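Please keep the sequence and the structure open as you read.

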Amino acid sequence: MAERPEPVSDLDWEPQRARAFVDAVADIYEELLSRLPDLPVIVHEGLEQVRAGVVVDVPDEPTPEAELVDYLRRMTFEHSAFLGHPRFYAYVSGSGTVPGAAAELLAAGINMNAGGWRLAPSAVEIEMALTRWFAQQMFGMPEGAAGAFTSGGAMANLIALKIARDSRAGWDIRAEGVAAGPPLGFYLSSETHVVSDRAADMLGVGAANVRHVPVDDGYRMRADVLREMIVRDRADGMRPIAVVANAGTVSTGAVDDLEAVAGICRDEGIWMHVDAAYGGPAMLADDLRPLFAGIEHADSIAFDPHKWLYTPHSGGCVLVRDLELMRRSFDLEYVSYILKDEEHTDWGIDLGRHSPNFSRGFWSLKVWVSLLAHGRDAYARRISHDAGLARYLGDIVEEREDFELMTPVGLSITCFRYVPSELPASGAEGREEYLDLLNERIMTEIQLGGRVYCSNAVLHGRFCLRSCIVNYRTEADDVEALVDIAAELVDERVAKGRASGYEFVIAEADGRIMGYACYGPTPATKDTVDLYWIVVGADAQGRGIGREILARTEAAVRLAGGRRLYVDTSGTEKYAPTRAYYRRTGFRKVAELPDFYAEGDSKVILVKDITP
Ligand SMILES: Cc1ncc(COP(=O)(O)O)c(C=O)c1O
């Protein structure tokens, strides 16, 4: 017989010790909340600095708690991004609710497994109640509608489209596979988030069978074209099975005409899925809800509490008109090690049978506790306020001479760009390309600067700055700061460029000149610029441009009569050209350039010497 094992209790902390550690972590959280408005939005560091700051060897022996807390504090304040900062406007990133953060701790502390009812009775019943509430009370779906929590919107869309595929293919696709029938058609709009394309790929539908329906002036799916495409594809032997309509597109916040899409889906017997990952919670706000008329007809809806319900990352949600279809799409009969005596118990459903996840945590608690703590009305007020702030930002940029609103504000998204007041009126050659590059630079400088943080959209091929407010901490002065700081950065940049004595024009590596200046107040053109050339020698990942591109670039430089070459290694000395390189190529090095951000691996930049 084996020897009786002695206790091994290293990992088993006393409750007092647990409490002390949690208190110390809570202190960091309190400090974060107090300092948040004064912190940079993102602590800007390069890869190496972050690695050096956070990666340590896994120790053999315990790290003393004081040391560990100190480490966590430094990780938090010195190497993190603060998406809950009142001036964070990028992508669609909720700010994180305070009750939600506390709920996460408790959920981890109880440590249930919501994959099985017996392992998480309260978690499963809360999740079911909440998904029923979202489906039926918030979105107006009928009785029987419910769903499940997911890791985020990507997973919610994938799950919904899997159910659509399985229930509309017309054969037992789970058993026989996609090859057993005709090609299946998915219909997205050109504005639908890429995660639905990826879902189609993962489901074996094939990119060639995903249609991107064009949009109207308001970036809404053209319902008339959708109908034509479906009819044509069917005549060509495809089986159209699912439409992904948008309730808040990621670029502009557009909401498709959901009534019209629902009508087409009904007529054509097609599954209507709505990607409401971003826009969904606007159903709580009286002034925004009418935009979503028709969403109640959806067969499935994806929406993300971690976006506009502000709950901590991550947590999305998939809702299905008929929950039974969800079980049928994911259930497996052969799990022999899980015996469930349904006859002698009144246990509820096992969420592990309803989605790709098997074991999983108490994902709904942070959302549930946030809704309980704040109540529906406060949510409605704040969501409506976010949309109001986005419209206010739209008005500010419309009023200013040096900014331009690029599309009407959609939900809480404002797309705009900086346009120097002295720029020639629209139609001038190179103007649009110049503005693209200028605004690209402004965005990058905004992001590097860390005082405010926005991202971009590309609308009709044009680069815009984009602000999305899903943040209960943002107020009017924060919104004003975004525009003011953008303008300030341009002023600084122009001054710096002028002081440096250079202006820039950018061309492709093959010598094709794209025809715009980076930082000058007006676009330079090929004719106004002396041909001094720069190769940007490393891409954003610092990989260097490679021999082939360098050789092509050199040839282009010579062809164009370039005399000097600057290889910008974007911060990595590794690729800096040697003296021998300059000797061999006959180029002279341009040493004194303003610090200069350029992404991409194959740009040639012409420099005009404007030194007085
Ligand atoms: C409309 C839309 N759908 C899907 C997604 C993907 O969601 P997630 O990032 O939570 O996976 C996003 C993300 O921004 C989105 O805006």
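## Overall layout

The protein chain has 17 helices and 16 strands; helices (H or I, at least four residues) and strands (E, at least two) are DSSP runs, numbered from the N terminus. This is a predicted model, in which local features need pLDDT of at least 70 and side-chain atom pairs count only at pLDDT 80 or more, while totals for chains, interfaces and linings use all residues. Residues are numbered from 1 along each chain as its sequence is written.

Of the 612 residues in the protein chain, 43% are buried. A residue is called buried if 20 or more other C-beta atoms lie within 10 Å of its own, exposed if 12 or fewer, and partly exposed in between, with C-beta atoms placed from the backbone. Among contacts with a separation of 6 or more, 74% link residues 24 or more positions apart; two residues are in contact if their C-beta atoms, placed from the backbone, lie within 7 Å.

## Around the ligand

Which residues are the closest to the ligand? They are Gly-152, Gly-153, Ala-154, His-193 and Ala-277, in a shell of 15 residues. To be counted as near, a residue needs its C-beta atom, placed from the backbone, within 6 Å of the molecule.

Helix H6 (residues 153-168) gives the largest share of this shell, 3 residues. Sorted by class, the shell holds 7 nonpolar, 6 polar and 2 charged residues. Here Ala, Val, Leu, Ile, Met, Phe, Trp, Tyr, Cys and Pro count as nonpolar, Asp, Glu, Lys and Arg as charged, and the others, Gly among them, as polar.

## The nonpolar core

The largest nonpolar core has 137 residues, and Ala-242, Val-243, Val-261, Met-272 and Leu-319 touch the most other members. Such a core is a set of buried Ala, Val, Leu, Ile, Met, Phe, Trp, Tyr and Cys residues joined through C-beta atoms within 7 Å. Helix H13 (residues 365-399) supplies the largest share of this core, 12 residues. At least three core residues come from each of domain 2 (136-347) and domain 3 (375-496), with bounds taken from an automatic or database domain assignment.

Leaving out residues up to four places away in sequence, Val-243 touches Tyr-187, Leu-226, Val-261, Cys-265, Ile-270, Met-272 and His-273.

Strand E5 (residues 271-275) runs parallel to E6, joined to it by 3 bridges, and Val-274 stands opposite Ile-301. E6 also pairs with E7 in the antiparallel sense over 4 bridges, where Ala-302 stands opposite Val-318. Strands are said to pair if DSSP finds at least two bridges between them.

Strand E10 (residues 455-459) and strand E11 (residues 462-468) pair in the antiparallel sense over 5 bridges, with Asn-456 opposite Leu-465. The two strands form a hairpin with 2 residues between them, and His-460 in the turn has a positive phi of about 50 degrees.

Leu-459 sits in E10. Leu-459 and Thr-252 are 207 residues apart in sequence, yet 8.7 Å apart in space, C-alpha to C-alpha. Is Leu-459 buried or partly exposed? Leu-459 counts as partly exposed because there are 17 C-beta neighbours inside 10 Å.

Most residues other than glycine have a negative phi, and most peptide bonds are trans. Tyr-91 has a positive phi of about 50 degrees although it is not a glycine, and its place is in the loop between helix H3 (65-78) and helix H4 (98-110). Tyr-91 is partly exposed, with 15 other C-beta atoms within 10 Å.

Asn-111 has a positive phi of about 60 degrees and lies in the loop between H4 and helix H5 (121-138). Asn-111 is exposed, because 11 other C-beta atoms lie within 10 Å. Finally, a cis peptide bond with omega of about -10 degrees joins His-313 and Ser-314, and Ser-314 is in the loop between helix H11 (305-308) and strand E7 (316-320).
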